[in-house]
Amino acid sequence: MKKLKIIKKIDWKYITREILLLFIGINLAIWFNNWNSQKKSDKNKIIVIDKITVEIKNNLKELKKTLKSNRNIIEASSEYAELFEGNTSRIKASPKKRVQLQKKFPNFYRVKDSIRLEKELYLYNGVKLIELEIPQLTKIAWETAKTINIINEFKYNCLYELESIYGLQERVQNEINKSSDALQKENVNELLKILRFENQLNNQLISSYSKMLKNINSCY
């Protein structure tokens with residue numbers, strides 16, 4: 001008996017179509033996954049940049065108040081220096097001069113009593129009251145961004161600028177701590193020296209803050 005060989009014809013068109021559909025399906029899944037991940041990353045980046053923007057605005061506000069206060073202390077110390085009797089807390093001045101200074105710097109010197117020396121000259125006994133403005137410069141948003149590695153998504157120029165700003169902010173904070181220590185030790189000369197240098201850094205940081213706020217959208 002003759003054996004018949006049954007040859008099954010392979011449907012290459014069907015196989016090719018199935019492979020093509022499988023390839024397209026896998027690539028679509030990968031694309032969708034990447035798209036979804038990028039969407040989440042972009043959303044997180046927007047949130048973080050918004051937080052950093054608010055932080056910089058608050059720090060800028062605090063720093064401007066501090067700069068104004070420091071300038072007031074330096075100017076008051078300079079104008080009163082000519083009137084102080086040696087290293088004492090007594091000043092020699094006319095009533096008119098004392099009133100002028102009191103109006104200009106109301107919280108710097110408090111008179112306790114006075115002695116008339118001449119017709120228009122008095123010796124005032126009092127005390128210097130230096131009220132140091134201590135700003136609350138925060139970096140929570142920035143530190144959080146570094147912790148979750150979202151800063152890797154920032155553009156290079158933006159990242160470089162933010163690194164510089166927060167580095168300068170740390171230097172300012174160190175000077176603020178030094179000025180606070182000098183005041184506690186009642187070392188006025190050292191305090192004034194620190195405040196002058198601190199003001200230079202404050203001006204630099206204010207300028208950097210303002211520039212960053214204008215260019216913050218370049219981070220996206």
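These legends go with a few close-up views of a predicted model.

In this predicted model, local features need pLDDT of at least 70, side-chain atom pairs count only at pLDDT 80 or more, and totals for chains, interfaces and linings use all residues. Residue numbers start from 1 along each chain as its sequence is written, and side-chain values use heavy atoms, with hydrogens and water left out.

**View 1. Three strands make an open sheet.** Their order is E1-E3-E2, with antiparallel pairing; strands (E, at least two residues) and helices (H or I, at least four) are DSSP runs, numbered from the N terminus. To count as paired, two strands need at least two bridges found by DSSP. At the edges sit E1 (90-93) and E2 (109-118), each pairing on one side only. From one strand to the next, the twist averages 25°.

**View 2. Here E2 meets E3 (residues 121-128).** Eight bridges link this antiparallel pair. Look for Arg110, which stands opposite Val127 in E3.

**View 3. The largest nonpolar core has 29 residues.** A nonpolar core is a set of buried Ala, Val, Leu, Ile, Met, Phe, Trp, Tyr and Cys residues joined through side-chain atoms within 4.5 Å, where buried means under 20% relative accessible area (1.4 Å probe, protein chains only). Ile52, Phe154, Leu162, Tyr209 and Met212 have the most contacts inside this core. Helices H1 (12-81), H3 (140-147), H4 (156-184) and H5 (188-215) each give two or more residues, and H4 gives the most, with eight.

Definitions and conventions
Axes fitted to C-alpha atoms, helices over the stretch in contact; angles between N-to-C directions. Buried < 20%, exposed > 50% of the residue type's maximum accessible area, 1.4 Å probe, protein only.
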